[in-house]
Amino acid sequence: MGRKNYWLVSVGIVLVSLFLPENAYAMHIAEGFLPAKWAGIWWVLMLPFLTLGIKHVKRVVDEHDPSIKMLLALAGAFIFVLSSLKLPSVTGSTSHPTGIGLGAILFGPWPMVVLGCIVLIFQAVLLAHGGLTTLGANVFSMAIVGPFVAYGIYKLFRKLGAPLWLTVFLAAALGNLLTYVMTAIQLSLAFPAETGGFIASLTKFMGVFAITQVPLAITEGLVTVLIFNLLREYSKGELKKLSIIS
Amino acid sequence: MLDIDQYAYSNNLRSIHPVEKTIFALLTMIICLAANSIITSLAIILLMAGVVIFGAKIPRQFFIKLILIPISFLLISTITIVISISKEASSFLYYLSLWGWKIGIQMENIIFAINLFLKSLGTVSCLYFLALTTPMIEIISVLRKLKVPRIFIELMSLIYRFIFVLLDTANLIRTSQLSRLGYSNFKRSCQSLSKLISNLFIRAYYRAKGLLTTLLARGYEGEIRVLEPEYEFSKKNLAIIFLVEVSLILITVYIGGDQFVIINT
């Protein structure tokens, strides 16, 4: 391989990374990007989870007083605002926390399906991030896979007796990371490479995400640990009361 | 605070029935996605840009700024799809060799990418039409007519109201942190952000409690009832929507549909 090629490849990588994390919203699958078939499939796959989530929320509201509804709504607005804050970054590019890990630990995975779906609708209509035809796919990765992974890791490591900071860090970082792995899977299922098919396509998308998402996932993990420590120090009572909605 | 939201309340098409606007946006979106043709996508982008800029009287610069939002995602993803890796060089228009592998671009992939890019922008402009002309409250009322579960609708309208309060609080905290050099380096940024978020959380919690108290004092029993503005369907608008959609389908069938295939082969 010639010198010129090395040079071209490195220019390419620099160009791609310049375009890349304009913001983390850039990873919502944009409106109309998925072919009609896949947009439909993800909608169909997402709906049973949403129905169960709504059932869970309804049961919680019915069992308790109406104050739970306010709490749930504030939790939803909190997640929306969280995802519009800038995440500190070493490279200088701006990005936003997903709030998936924190939300799943604080509010539980089932309410997160419903709240996440609402937040994604608002992000599409009010901020122009994501879309309606791709809502199914985005809900599946960001409001179903992400929260359940984060919550699962949190419960598992608590049971194993791992230190709390490590548990929260892993839940938030892996919740963030696996959301994007899911997005990569969705994109490569819809656009398999001509040679090598799904796997080749997945390698390409994962390669792009690895550069951008791994540092972001680690930052989100760190910030979530700090938030969790602050909350535990100053607001233990509120956290206990909150545990009823999950 | 949220520009799109402000335009949704103050645009020139505000008084049109929200169901009509939703039907128009969604039908066009579905046609764009199903047509899968460069010509139809271009026609839809122009149509929606025209309706938004001249019909709804949204400033041109703002619409262009919105169109640029999904560009970064579209560029990265289409580039990732277009570039293919293989061992043979025969099918490539242009390629680089790297450790015996050929990384390059194929002609048919370029056409595929252009089509994908325009199709996405077409549906995005349909979404923008809906977002810029119809306030969220009216979109929620359309969802209510579609018999979406009540708890979902209720949470949606509550969350919509709370977003602005919390955004305001977050902005205030951030401004005061910034004025004290709270984001001057990476470590400090992490600390400041986590303080902001944990405080925001606690404030949200107490705001929910406060709000509940005020609602209870006004006879709240678990449901907020609001009067919805009444709209009338306009036969003229429905006819226009019907004509536009039919002509889009005709464009697809007679000009656009085969276009892609012809270039491709």
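**Backbone angles and a helix pair**

Modeller: In this predicted model, Lys57(B) sits in the loop that joins helix 3 (38–55) to helix 4 (60–68) of chain B.

Colleague: What is the phi of Lys57(B) near, and is Lys57(B) buried or exposed?

Modeller: Most residues other than glycine have a negative phi. Lys57(B) is not a glycine, and yet its phi is positive, near 60°. Because exposed means over 50% relative accessible area, Lys57(B), at 57% relative accessibility, counts as exposed.

Colleague: Which loop of chain A holds Ala128(A), and is Ala128(A) buried or exposed?

Modeller: Ala128(A) also is a residue other than glycine with a positive phi, of about 60°. Ala128(A) is found in the loop between helix 5 (109–127) and helix 6 (135–160) of chain A. Its relative accessible area is 5%, and because the cut-off for burial is under 20%, Ala128(A) is buried.

Colleague: How do helix 3 and helix 4 of chain A run relative to each other, parallel or antiparallel?

Modeller: The axes of helix 3 (residues 67–82) and helix 4 (residues 100–107) of chain A come within 10 Å and cross at roughly 165°. Because angles over 145 degrees fall in that class, helix 3 of chain A is roughly antiparallel to helix 4 of chain A.

Colleague: Which residues make the contact between helix 3 and helix 4 of chain A?

Modeller: The crossing of these two helices of chain A is right-handed. By class, their contact has seven nonpolar, no polar and no charged residues. Helix 3 of chain A contributes Ala75(A), Phe78(A), Ile79(A) and Leu82(A), and helix 4 of chain A contributes Leu102(A), Leu106(A) and Phe107(A).

Methods. Residues are numbered from 1 along each chain as its sequence is written. Chains are lettered from A and ligands numbered from 1 in the order in which they are written. This is a predicted model: local features need pLDDT of at least 70, side-chain atom pairs count only at pLDDT 80 or more; totals for chains, interfaces and linings use all residues. Side-chain values use heavy atoms; hydrogens and water are left out. Axes are lines fitted to C-alpha atoms, for helices over the stretch in contact, and angles run from 0 to 180 degrees between N-to-C directions. Helices (H or I, at least four residues) and strands (E, at least two) are DSSP runs, numbered from the N terminus. Angles under 35 degrees count as roughly parallel, over 145 as roughly antiparallel, 65 to 115 as roughly perpendicular and the rest as oblique. A crossing is left-handed if the near helix is turned anticlockwise from the far one by less than a right angle, and right-handed if clockwise. Contact means heavy atoms within 4.5 Å. Ala, Val, Leu, Ile, Met, Phe, Trp, Tyr, Cys and Pro count as nonpolar, Asp, Glu, Lys and Arg as charged, and the others, Gly among them, as polar. Buried means under 20% relative accessible area, exposed over 50%, partly exposed in between (1.4 Å probe, protein chains only).
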